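Student: I am new to this structure. Could we go through its charged contacts together?
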Amino acid sequence: MSVAGHDPGADTDGYEDIVEVSFRSEAGRLSLHEWGGADVHELPALPAGPGWYRLRYHAQHMDEAAEADTSDAVIDRYLLQIWPQAESAPRTVKSTSGQLAYWRRAR
């Protein structure tokens, strides 16, 4: 996870799927909630305080993790990048997995 004052650049070589969205922080703080409500992680203070930010989500091995019959092994990995940026349209930077294709159709 990376919270930066500027766009750190997408890791297109290290991940199969990369998507970006804008979000507005009213408080200049952000927390990450795990799937199913297991844990909540407070993230570092956002560098520009309240305002618009860009969130870039990288994913690797989502297809393999979805096919696995156990939750004990860590198969997939993710990188989250956040930086100040004016509001802009969602964007898919890279899409190669069946899982991302599924979720894009489902919305």
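Student: How many salt bridges does the structure hold?
Tutor: This is a predicted model, and it holds five salt bridges.

Student: Which residue meets Asp 7 in a salt bridge?
Tutor: Arg 56 does; the two side chains come to 3.0 Å, N to O. The pair links distant parts of the chain, 49 residues apart: Arg 56 lies in strand β5 (residues 51–60), and Asp 7 lies in the loop between β1 (2–3) and β2 (17–25).

Student: And is Arg 56 buried or exposed?
Tutor: Arg 56 is buried, because its relative accessible area is 2%, under the 20% cut-off. Asp 7, at 36% relative accessibility, counts as partly exposed.

Student: What is the N to O distance between Glu 20 and Arg 56?
Tutor: It is 2.7 Å, in a salt bridge between their side chains. Glu 20 belongs to strand β2 and Arg 56 to strand β5, distant parts of the chain that lie 36 residues apart. Both residues are buried.

Student: Turning to Arg 91, which residue does it form a salt bridge with?
Tutor: Its partner is Glu 20, with the closest N and O atoms 3.3 Å apart. This pair also links distant parts of the chain: Arg 91 in strand β7 (residues 91–94) and Glu 20 in strand β2 are 71 residues apart.

Student: How accessible is Arg 91?
Tutor: Arg 91 has 44% relative accessibility and so counts as partly exposed, whereas Glu 20, at 5%, counts as buried.

Student: Which residues are joined into one network?
Tutor: Asp 7, Glu 20, Arg 54, Arg 56 and Arg 91 are, through salt bridges that share partners.

How values were computed
Residues numbered from 1 in each chain as written. Predicted model: local features only at pLDDT ≥ 70, side-chain atom pairs only at ≥ 80, totals over all residues. Heavy atoms only, no water. Salt bridge = Lys/Arg side-chain N within 4 Å of Asp/Glu carboxyl O. Helix = DSSP H or I, 4+ residues; strand = E, 2+ residues; numbered from the N terminus. Buried < 20%, exposed > 50% of the residue type's maximum accessible area, 1.4 Å probe, protein only.
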